[in-house]
Amino acid sequence: MTPYERVRRLATGNAVVVFSHSGCCMCHVVKRLLFGLGVGPVVYELDEEKWGSEMQAVLYQLIGNGQQPPVPAVFVGGKFVGGLESVMSRHINGTLVPLLKEAGALWL
């Protein structure tokens, strides 16, 4: 399986998936936000995964701007939502919760 296929399979395997690094403060913030909303995301700590560096390279390509770090990378309903900035922006403008509900990650 190629790294791209691995990321795709993992990202579509659950309602909310976060690719993270265990020591990353931005990753910690996005995970706390999701847990605080009552979402139980599946979290892949790339620094602890066997194929983590290869998957991180795929995430760099997915982001595509060369400016933003590849983690956290948040997928909701199998679709790439973005990193911390995108998730926080959606939370502030009120579009995150409906997106999570649509993906089946929230029932309230």
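I began with the sheet: strand β1 (residues 16–20) and β3 pair in the antiparallel sense over four bridges. Here two strands pair if DSSP finds at least two bridges between them, and strands (E, at least two residues) and helices (H or I, at least four) are DSSP runs, numbered from the N terminus.

A note on the source: I am working from a predicted model, where local features need pLDDT of at least 70, side-chain atom pairs count only at pLDDT 80 or more, and totals for chains, interfaces and linings use all residues. Residues are numbered from 1 along each chain as its sequence is written, and side-chain values use heavy atoms, with hydrogens and water left out.

Back to the strands. I found valine 18 opposite valine 74 in β3. On the other pairing, β3 and strand β4 (residues 79–82) run antiparallel, joined by three bridges, and phenylalanine 75 stands opposite phenylalanine 80 in β4. In the hairpin of β3 and β4, with two residues between the strands, I noted a positive phi near 60 degrees at glycine 77.

Next I asked which residues of β3 are buried on each face. Ala73 and Phe75 are buried on one side, Val74 and Val76 on the other; buried means under 20% relative accessible area with a 1.4 Å probe, protein chains only.

Then I looked up valine 58, which sits in helix α3 (residues 52–63). Valine 58 is buried, at a relative accessible area of 11%. Leaving out residues up to four places away in sequence, valine 58 touches Pro3, Tyr4 and Val7, a contact being heavy atoms within 4.5 Å. Its C-alpha atom lies 10.0 Å from that of threonine 2, 56 residues apart along the chain.

How values were computed:
Buried < 20%, exposed > 50% of the residue type's maximum accessible area, 1.4 Å probe, protein only.
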